Amino acid sequence: MSRNKYRIGILSMQGATEEHAGQLRDLGHEPILIKNKEMLENVDGLIIPGGESTAIWRLMKKNNLIEAVQQFAQLKKPIFGTCAGLVLLGKSQVETEEPVSLKLMDIQVKRNGFGRQKDSFEANLDVKGIKEAYPAVFIRAPYIESVGENVEVLAAYDNKIVAAREDNLLVAAFHPELTDDNQFLELFLSMVGEKSVLMI
């Protein structure tokens, strides 16, 4: 496998998977739809897509993927969580009766922080590491209420944190797969590339 072509897993429990897969193919990478823990062994990075976080969590438990994804992260393999994926990666959640958390990233998350489906919107964001304004699509979006000292804030909207990175973990409150702009995905792929170089 060449250094610039990666096998990227997309957690395929529930939610938007084909849009992520299409973007990866457009950039010359191979998407792998992850349905069990064994499939994680053969990918260079993992995307946890948007959807319904509680439904994704329950299906991950049913398919023995909770510990598998945690171990994947411990190996310092890059993980990209979008919308519900952001919720799942965070260590804690605000005012939530049933927390669903992989407890991997040192962020506190407000689920549905920007409102329900009817409150969906688009906004141009200034994102650290991306030169041009990024067209972000927010659907039942969460936001990050607070971050730990090792978390780098990448973008904010209305004074709320909507994108961040901590080591091998990247999160976005919006849906990069629903735009024609691949810059945010390329940011994640650069993290995969950094990891691949370290492994050589």
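This is a predicted model: local features need pLDDT of at least 70, side-chain atom pairs count only at pLDDT 80 or more; totals for chains, interfaces and linings use all residues.
**Entry 1: His29**

I located His29 in the loop between helix 1 (18-26) and strand 2 (30-34); helices (H or I, at least four residues) and strands (E, at least two) are DSSP runs numbered from the N terminus. Residues are numbered from 1 along each chain as its sequence is written, and side-chain values use heavy atoms, with hydrogens and water left out.

The side chain of His29 reaches the backbone nitrogen of Tyr6 at 2.9 Å. Leaving aside neighbours within four places in sequence, I found His29 in contact (heavy atoms within 4.5 Å) with Asn4, Lys5, Tyr6, Leu24 and Leu189.

**Entry 2: Helix 3**

In helix 3 (residues 66-74), I noted Ile66, Ala68, Val69, Phe72 and Ala73 as buried. These buried residues pack against strand 3 (45-48), helix 2 (53-62), strand 4 (79-82) and strand 12 (169-172). Lys76, with a positive phi near 70 degrees, follows helix 3.

**Entry 3: Core**

I examined the largest nonpolar core, which has 68 residues; such a core is a set of buried Ala, Val, Leu, Ile, Met, Phe, Trp, Tyr and Cys residues joined through side-chain atoms within 4.5 Å. Ile79, Leu102, Phe138, Phe174 and Phe184 touch the most other members. Helix 5 (residues 183-199) gives the most to this core, with seven residues. Beyond four places in sequence, the contacts of Ile79 include Val69, Phe72, Ala73 and Phe188.

**Entry 4: Aromatic pairs**

I searched the whole structure and found 13 aromatic pairs; rings of Phe, Tyr and Trp (its six-membered ring) pair if their centres lie within 6.5 Å, with planes under 30 degrees apart stacked, over 60 edge-to-face and the rest tilted. Phe80 and Phe188 form a tilted pair, 5.4 Å centre to centre with 35 degrees between the planes. This pair links strand 4 to helix 5 across 108 residues, and both Phe80 and Phe188 are buried. Phe121 and Phe138 form a stacked pair at 4.6 Å and 10 degrees. Phe121 lies in strand 7 (residues 121-125) and Phe138 in strand 8 (residues 134-138), 17 residues apart. Both Phe121 and Phe138 are buried.

Conventions:
Buried means under 20% relative accessible area, exposed over 50%, partly exposed in between (1.4 Å probe, protein chains only). A polar contact is a pair of N or O atoms within 3.5 Å; within protein, one must be able to donate a hydrogen and the other to accept it, and residues adjacent in sequence count only if both atoms are side-chain atoms.
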